[in-house]
Amino acid sequence: MGGMISRLRRRVHAPPAPPLPLPLPLDDDDLLSEILLRLPPHPACLLRASLVCTRWRRLLRDPGFLRRSRAFHRTPPVLGLFRISLRGGRFVPIGEAPDRVPAAGFALPDPASWVLLGCRHGRALLRSRPGWLQILVWDPITGHRRCVRLSRLGSHVKACSATVLGDPVGLGRREGSFRVAFVFTGSGRASACVYSSETGAWGRLITAEAPCDDVSVKPSALVGDAVYWLLDDGGILELHLGKEKKESLALVEPPPEAQSLYVLNIQLMEAEAGVLGFAGVMQNSYSLHLWAREAGRDGTANWVLRTAIDLGGFAAPLLGVTTWIMMVPPIKIIGVDEAGNFAFLKTIFGIFMLSLDALLLKKVSDVQLMEFVRPYSSFYVAGGAGGGEARAMETVKLNHN
């Protein structure tokens with residue numbers, strides 16, 4: 001009996017180990033990133049998500065997340081304005097709490113050495129002062145900076161401008177890559193060149209065939225694969241970047257009678273349906289006109305007046321202040337955000353943001369004489385700024401024959 005019991009005991013097997021628990025869907029970083037990507041791109045919403053845990057915060061602050069956010073949402077929120085005057089510059093947040101970003105995180109690099117030119121695709125572009133010796137590309141969100149050196153321009157060059165272009169969606173460029181389109185004019189001619197951070201070099205020099213006036217200090221507009229600048233006489237300079245056709249530099253006629261109607265109180269913008277837009281404020285009627293350069297059935301592009309916004313009620317307090325006292329138009333359009341959704345208007349009472357869809361006005365800042373503003377749009381997660389200040393120096397000699 002004892003032997004049988006012994007044999008029975010030897011046949012008893014240990015119970016099998018319990019199966020390992022299946023990983024939860026949110027344990028996968030790639031899947032969680034896709035979920036976070038679909039949150040509303042407002043600073044307060046992203047901040048709340050970053051406070052859930054260290055892992056969520058790490059994913060949201062990853063530089064690649066900002067690039068994917070731009071590709072997914074397309075249109076980042078306008079976070080604020082860079083105000084530039086003779087005494088320097090500062091950043092003015094325009095969001096309401098809790099979406100208002102801290103101004104301290106957007107302090108401009110040494111205003112004594114750099115002048116802000118404009119902002120696009122989450123980056124700011126600055127030039128050295130005095131002169132155009134260097135161009136600085138700065139990402140306020142990540143803190144990344146890259147400096148590109150220019151050789152001295154000839155004495156015949158009277159005016160210069162430049163704009164920064166971020167990662168075009170779908171082109172397969174490396175994360176963090178950018179281009180800088182640089183244009184200069186003088187002696188009735190215009191030339192341009194494009195720098196690529198991927199190659200670390202400038203492309204070929206492109207010169208417009210037709211004579212033109214000097215490029216103005218107003219911000220450029222990016223529409224598709226072309227950059228547009230205003231000229232001092234109200235004309236428009238178009239630089240095709242070579243995505244769909246060969247790189248070229250040419251003149252574009254403004255809307256009919258634009259010079260007499262708006263007296264250079266104008267801005268270029270991207271209009272709805274991805275065409276070139278033109279915004280102008282009429283001096284006598286206080287009306288904001290929004291034009292679009294649309295292609296006709298024969299393929300020829302023509303200017304079409306899409307919208308006329310009456311600013312009469314907004315301008316009523318200004319009617320008693322004559323332009324010769326103010327020395328500037330009572331209402332001056334000083335900028336349009338890169339998506340073409342908001343126009344920024346300057347009066348003696350302050351700077352106002354006008355929603356071009358909802359037609360709502362909001363005062364975003366006080367005003368100073370002899371200053372300009374540049375809207376800044378990006379996706380923002382509190383505490384995400386930082387990163388190494390990678391710098392590189394590139395040199396190019398630009399000839400203007």
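F106 and Y376 are both buried, a term that denotes under 20% relative accessible area, with exposed meaning over 50% and partly exposed lying in between (1.4 Å probe, protein chains only). This is a predicted model, in which local features need pLDDT of at least 70 and side-chain atom pairs count only at pLDDT 80 or more, while totals for chains, interfaces and linings use all residues. Residues are numbered from 1 along each chain as its sequence is written, and side-chain values use heavy atoms, with hydrogens and water left out.

**Aromatic packing**

Rings of Phe, Tyr and Trp (its six-membered ring) pair if their centres lie within 6.5 Å, and planes under 30 degrees apart count as stacked, over 60 as edge-to-face and the rest as tilted.

| Pair | Centre to centre | Angle between planes | Class |
|---|---|---|---|
| F82 and Y376 | 5.9 Å | 75° | edge-to-face |
| F106 and Y376 | 5.8 Å | 65° | edge-to-face |

The pair of F82, in strand β1, with Y376, in strand β24, links parts of the chain 294 residues apart. F106 lies in the loop between β2 and β3 (114-120), 270 residues from Y376. F82 counts as buried because its relative accessibility is 0%. One aromatic cluster takes in F82, F91, F106, W138, Y376 and Y380.

**The sheet**

Helices (H or I, at least four residues) and strands (E, at least two) are DSSP runs, numbered from the N terminus, and two strands pair if DSSP finds at least two bridges between them. An open sheet is formed by 3 strands in the order β2-β1-β24, with antiparallel pairing. Because β2 (88-93) and β24 (371-377) stand at the edges, each with a single partner strand, one side of each is left without a neighbour in the sheet. Strand β1 (residues 78-85) is joined to β2 by 6 bridges, and L81 stands opposite V92 in β2.

**Confidence**

The pLDDT, the predictor's confidence in each residue from 0 to 100, has a mean of 82 over the protein, and 83% of the residues reach 70 or more. Where pLDDT is low, the predicted coordinates should not be read in detail.
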